[in-house]
Structures are given as C-alpha cells and as structure tokens.
Amino acid sequence: MHDIRAIRDNPDAFEAALNRRGLTGLTAQILSLDEARRDKISMAETAQAEQNKASKAVGAAKAAGDEIEFENLRRRIAVTKATVSVMQAEAADLDAQLRDLLLGIPNLPLDRVPEGRDEDDNVELRRWGTPAALDFAPVEHFQIAGVVPGMDFQTGAKLSGSRFVVLKGAVARIHRALAQFMVDLHVDQHGLEETWTPVLVLEQMMLGTGQLPKFGEDSYLTREGYWLIPTSEVTLTNTVNGDLLDQAALPRRMVAHSQCFRSEAGSAGRDTTGMLRQHQFEKVEMVSITDADTGLAEHDRMTRCAEAVLEALELPYRTMILCTGDMGAGARITHDLEVWLPGQDRYREISSVSYCGDYQGRRMNARYRPAGGGKPEFVHTLNGSGLAVGRALIAVLENGQQADGSVRLPAVLHSYLKGATTLTAQGSLA
C-alpha cells in the first residue's frame, strides 16, 4: 500500500521507482483517479452545505407563513439531497477504485537494489563453504539409495495428486530434527520468540501482507472463506494488524515452524521431480516488526540468522541480492540464500529475507508511538525463511551423500537423532 499524499507530492520519483519494476503509466492513472475522487467529494460537500442552508431557510419560511417559499425550498432540498447522495456514491466508488489500484501496486525498490529483469540479473554478495570434491557421480536427493525407502512420491500422489510426498522412517525423523534444530537455534542464539499460529486465516490477513488481491491464485481458499497460509509470514506479521505499539517495544522478533500451502500456479512444469517444489511443505519463518530507523539494520541481522543455519548444517551457500525484476512484490530489498545441491550441480534458493519498509504496516494499519512523542508512524516489517525445512532436507541429503548410497549427517543434528550420525544405504539411522 502506498501513501497517496507522497505520490501527489512527488509523482516523478514514484513513477521512476515503478519504472525500475518494469511498470509504466500507473502514476498518471493514480493521480487521475485521486483528482476525480477529490473533486467529487468537494462537489458533494458543497451541495451538502447548500442543503443545510436551505433547511434553515425552510424553518424561517414556515415561521413567516410564506407557503410558496416554503414549498419551493422543500423541493430544492429534495433535489439537492438526491444530488448529494449520487455524488457521495460516485466518490465512494472512485475511492474503492483508487484503493484497489494502490493495493495491487508492488513496493518501491531501494536505490541499492540492482536493476534487472529476472534471476539472471541478481548479484552475488558473498559465498560460504566449498562444495565437496566427490570421487563419484552425485545424484539428486530422491535417487540416493538410503533415501528411497523413506521418500514416497507414489503414495503422496495417490493420496493428494502431484507435488505431494509421504516421508517415512528415518527420512521423516531427519526432517523433523531439522525443524527442531532451526527453531532452537533462532530462539536460543538469535533471541527470536517462538510462536505458534493458525494455518487458516481471514481474507483481511492475506491483504495485510500483500498476498491479496493480486496473488490469490498462488494460495488456497476454502469454501468457508478461510485462506491456507502460504507462509507463516502472514500470521506472524498480522499479529500487529490494527495495533498501536510503543516504540520501546520494538523490534519484535518472532519465529514459527508451520505447515505452508502454495498452489504453485506460476510454476507449471518446473521442478516436477523430487520434493523441491511441493504444494504442502514446512518452513521455519522469521518475522521482525521494527521502527523506521532500524529496519535496514534488522534486514542484515535477519540475513545473518538464516546464514547461521546453513553454516551450522555445513552446507555451502551463496548470498544474493535480488534485482528489481526478480524481487517479490512486497519487498524493498531481498537477500536470497542459495544452497549448493551437488545432485543438480547448482545453487538453489533456500531462503528469501526481505525488508518491506512500511508497505505492510500501511495495509495492516499497524503503527507505533515514537518514543520522543509526535504523530504515530507505521511499523516497518521484515520476513525471512530460516529455513525452508524440505529444501534443507534436500541439501543435507545431497551434500552428505556417500558413494555407497548412505548419507553422512551434520554434527548439529546428532543429538536430535539420539546420537545417529548416518542414514544408511538401507534407509535406517546408525
């Protein structure tokens, strides 16, 4: 959501920022609607004032016994009242059109965000770790001998269709251990508050974080009108929906492990094998609610929190800054963490960490009182995967695979697996 006053005051800057997103002409459309809306409101207010004036004159004419003037004024009031009603309805319609237009416009990228069209124009910031030099040809996660008994796509498809999986035995346990490890790390070392939230939300919550109205096809809507969350960013961020906070209570840092649901409407034909892109998956999500002054510093901090998970799991990765054409609609700047997958011989995204400025704060009407006094300001929000559990499982399996079909497991998981260090080639923990 954007501040219409800021657009009026500096339309050229707003248009230039949208141009970097590949959007043109929207500023003129916004201002035209806004001008028509304000004109209609002004006309309605003028007509209302005339109606009020005539209403007072009616009483005077009645008191004076001037029946002719009395009837004339009554007719004029009736006409004016109808005119006011029409103008108010037209103003409300124009206001709704303007609101819908503003709700569908993406956030403005920061100046430091590189300009580009797609992922090929993203810029690498740094790398950590070196992919292992293997003396055998690595395979993808679902092809590893020790993984095959515990990763059942056929039963998943029988139960629910394509892009679903059933995890069993040791693989299911490793998956659960990863989620538990991530939450513990973020709570114990990074100071995030563990939070559990619903996976069904009201439409207003999806509007608040920007999944609606433009991206509804990417999520699931129940027949009762609830939406299944695509990520717990929706619920964690909306915990402050409509609230007025004290600046001293910020930042508010939260983490949640949840089921997530995405229709993957825009990914037809992509990553159809394995469990890289599923309709139902688990994620450990981080969300921070901050003030205007600390949002960008919090973005760097959150990025480090996500990087720390990969480093603890001994997974080589690179940190990217997304270009304007690849960045999500709600973000002002995004860092993607891409983990090395030897089975694919490439880096793949495992976390996106985004700073949204006050974009979501405006949509939620979530504000804070400045410590020094003054007018309440909209909160700034951030979100980031810390990490996507299924993709972390893929990375652990592929990077730990051995020539005999077993998998060496990261040391930080051993205590979560009762001391087991290996997924054997037969699919058990040892």
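The legends below describe close-up views of a predicted model.

**View 1. The largest nonpolar core.** This core has 55 residues, and those with the most contacts inside it are Ile174, Leu178, Met182, Leu310, Leu393, Leu397 and Leu423. Two or more residues come from each of α6 (169–188), β10 (280–290), α9 (295–312), β11 (317–321), β12 (333–341), β13 (346–355), β16 (380–388) and α11 (389–400). Helix α6 gives the most, with 10 residues. Apart from this core lies another, of 16 residues, including Ile4, Ile30, Leu94 and Leu98.

**View 2. Surroundings of Leu423.** Beyond four places in sequence, Leu423 touches Gly146, Val147, Ala170, Val171, Ile174, Leu397, Ser406, Val407, Leu409 and Ser428. Leu423, Ile174 and Leu397 are among the residues with the most contacts inside the largest nonpolar core.

**View 3. The annotated binding site.** An unreviewed UniProt entry carries the annotation "binding site" for Thr231, Ser232, Glu233, Glu285 and Ser385. These residues span 155 residues in sequence, but no two of their C-alpha atoms are more than 9.7 Å apart, so they gather at one spot.

**View 4. Glu233 within the annotated site.** Glu233 lies in helix α8 (residues 233–237). Its relative accessibility is 11%, under the 20% cut-off, so Glu233 counts as buried. Leaving out residues up to four places away in sequence, Glu233 touches Thr209, Gln211, Asn238, Glu285, Val287, Gln360 and Asn383.

**View 5. Ser385 within the annotated site.** Ser385 lies in strand β16 and is buried, with a relative accessible area of 6%. Neighbours within four places in sequence aside, Ser385 is in contact with Lys283, Val284, Glu285, Met286, Ala306, Ile350, Ser351 and Ser352.

Methods:
Residues are numbered from 1 along each chain as its sequence is written. This is a predicted model: local features need pLDDT of at least 70, side-chain atom pairs count only at pLDDT 80 or more; totals for chains, interfaces and linings use all residues. Side-chain values use heavy atoms; hydrogens and water are left out. A nonpolar core is a set of buried Ala, Val, Leu, Ile, Met, Phe, Trp, Tyr and Cys residues joined through side-chain atoms within 4.5 Å. Buried means under 20% relative accessible area, exposed over 50%, partly exposed in between (1.4 Å probe, protein chains only). Helices (H or I, at least four residues) and strands (E, at least two) are DSSP runs, numbered from the N terminus. Contact means heavy atoms within 4.5 Å. UniProt positions are given in the numbering used here, feature names are shortened, and annotations may be inferred rather than shown by experiment.
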